Amino acid sequence: MMEFVYAYAYFILYAFLGWVCEDLYCGIPTKKFINRGFFYGPYCPIYGVGALLVLYPLLFVKDYPILVFVLGVIITSALEYITSWVMEILFKTRWWDYSERFMNINGRVCLLNSTLFGIMSIVVIYIIHPIIQDIVMDIPFTALMSFLSAFTIGFGIDCVFTVLALLRRKQVFQKVQVQMEAFKKDFEAESQLRVQEAQEAFQEWMLSRPDLSERIEEFQSSLENFSLEAKKHISKAFPERHISTEIRNIVADGKLALERRRLNANKQAEYCELTNMVMIQDEKGNVLVQNSKNPNGYTLPTGHIELGESFVQSAMRDVKEKTGLNVEQLCLCGTKQFISSDNCRHIVFLYKTNVFNGIENEESKWIPLSNIHDYKLISGLNDVLEVFEGTKYNELYYNAQYQLKKY
């Protein structure tokens, strides 16, 4: 009984220490507090469980530091992999993804993290645990039991609220999926076409059916709830999470169809597609570029602005997804516009910054801005660079005949 009580106390302390380490590891580079806990309280239970799984087997082999390190790597990596897999199965979301890191296994574990966990196992066995053990043993048993009881009640309440939040999140995802599939099923029944081969026809079908207004309004409400989930604690705690591709495609198709329906209701409205492009410059005068295959050549990080998303936040998100860097203090230099063959106006917001942190991915490359024209650039990037210079032009405009005018 007493051994169980002490193990529970170790679980709590290591869960708290893990939470502190996670917050420091992720918060220092971004210069802001990030509650990395899956729960609302200041603890990461996976670290508590991991500590117990490491402590009790490895204390028996503590006379062999190399064996402690190897077993620590294996045990903690297995725990992280299984946790990632189970949570993705349950909630249709990958809460962390190491796919871009060196020597990873299905993006769930990677060499860097596993090595750090192995080192932490050595630190825990030889340095931290003896101190924690002395602290726990010095606490009067009745006082320790009172603390554990209070914690258990608070942790239980936290579990209830966290599970309810996850269930609501899952229900929102499932509702969006069911509603969109119902629309597509009705469309296929009437048109006898595959939606994947007739996306534009599907959007036109939604535009031409006033009897669907009530269902479409309900679907739009579901999409708004979907967007709100990204602003909640659990989503913010795992910025590298990835919602399943199936759900992302469903949401994208639904938002596009709703936007076209809204624009069609106002004949004076213009159909637009919004994107951004960011120039990141370091203190040495280099800019970050990416090698584009279609069209071929180097370009600056770009991305689409999602429906209802802030322009600046969209640019910051796209840079993170495309390059791995976190950027701040974006300065709007100008815009680029062109009209496509379907009469859609494409607007590109051009941002520049020299405030960033993190490590760029393998798809990105630093090149001197002074020699950028010596590299193969995508068509039109030379004109965009004139806007980034900020001395002559603020806007590039291509008319319907794709003739360029600079303002």
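## Helix α4

Helix α4 contains the buried residues N113, S114, F117, G118, S121, V124, I125, H129, I132 and V136. Here buried denotes under 20% relative accessible area, exposed over 50%, and partly exposed the range in between (1.4 Å probe, protein chains only). Helices (H or I, at least four residues) and strands (E, at least two) are DSSP runs numbered from the N terminus.

The structure is a predicted model, in which local features need pLDDT of at least 70 and side-chain atom pairs count only at pLDDT 80 or more, whereas totals for chains, interfaces and linings use all residues. Residues are numbered from 1 along each chain as its sequence is written, and side-chain values use heavy atoms, with hydrogens and water left out.

Helix α4 covers residues 111–138, and its 28 residues should span 40 Å at 1.5 Å a residue; the end C-alpha atoms lie 38 Å apart, in agreement with that figure. The expected span is 1.5 Å times one less than the number of residues.

## The chain as a whole

The chain holds eleven helices and 15 strands. Of its 407 residues, 43% are buried. Among contacts (heavy atoms within 4.5 Å) with a separation of 6 or more, 67% join residues 24 or more positions apart.

The accessible surface of the chain comes to about 23100 Å², and carbon and sulfur atoms contribute 60% of this area. Areas follow the Shrake-Rupley method with a 1.4 Å probe; for residues, only the protein chains shown count as cover.

## Helix α11 and its surroundings

Helix α11 (residues 381–389) is largely enclosed by the rest of the structure, because seven of its nine residues are buried. These buried residues are L381, D383, V384, L385, E386, V387 and F388. They pack against β5 (272–280), β7 (296–299), β10 (331–339), β11 (345–353), β14 (395–398) and β15 (404–406). G390, which follows α11, has a positive phi near 75°.

## Salt bridges

Five salt bridges are found in a search of the whole structure, each being a side-chain nitrogen of Lys or Arg within 4 Å of a carboxyl oxygen of Asp or Glu. K406 pairs with D383, their closest N and O atoms being 3.1 Å apart. This pair links distant parts of the chain, with K406 in strand β15 and D383 in helix α11, 23 residues apart. K406 also meets the side chain of E386 in a salt bridge at 2.6 Å, N to O. E386 lies in helix α11 and K406 in strand β15, so the pair ties together parts that are 20 residues apart in sequence. E386 is buried at 19% relative accessible area, whereas K406 is partly exposed at 29%.

Elsewhere, E309, R317, D318 and E321 are linked in a network of salt bridges. R317 counts as partly exposed, with 21% relative accessibility.

## A nonpolar surface patch

Y40, I153, I157, V160, F161, V163, L164 and L167 make a nonpolar surface patch of about 760 Å². Patches consist of residues with over 30% relative accessible area and no salt bridge, like charges being joined within 9 Å and nonpolar side chains (Val, Leu, Ile, Met, Phe, Trp, Tyr) within 5 Å. L164 belongs to helix α5 (residues 141–191) and is partly exposed, with a relative accessible area of 40%.
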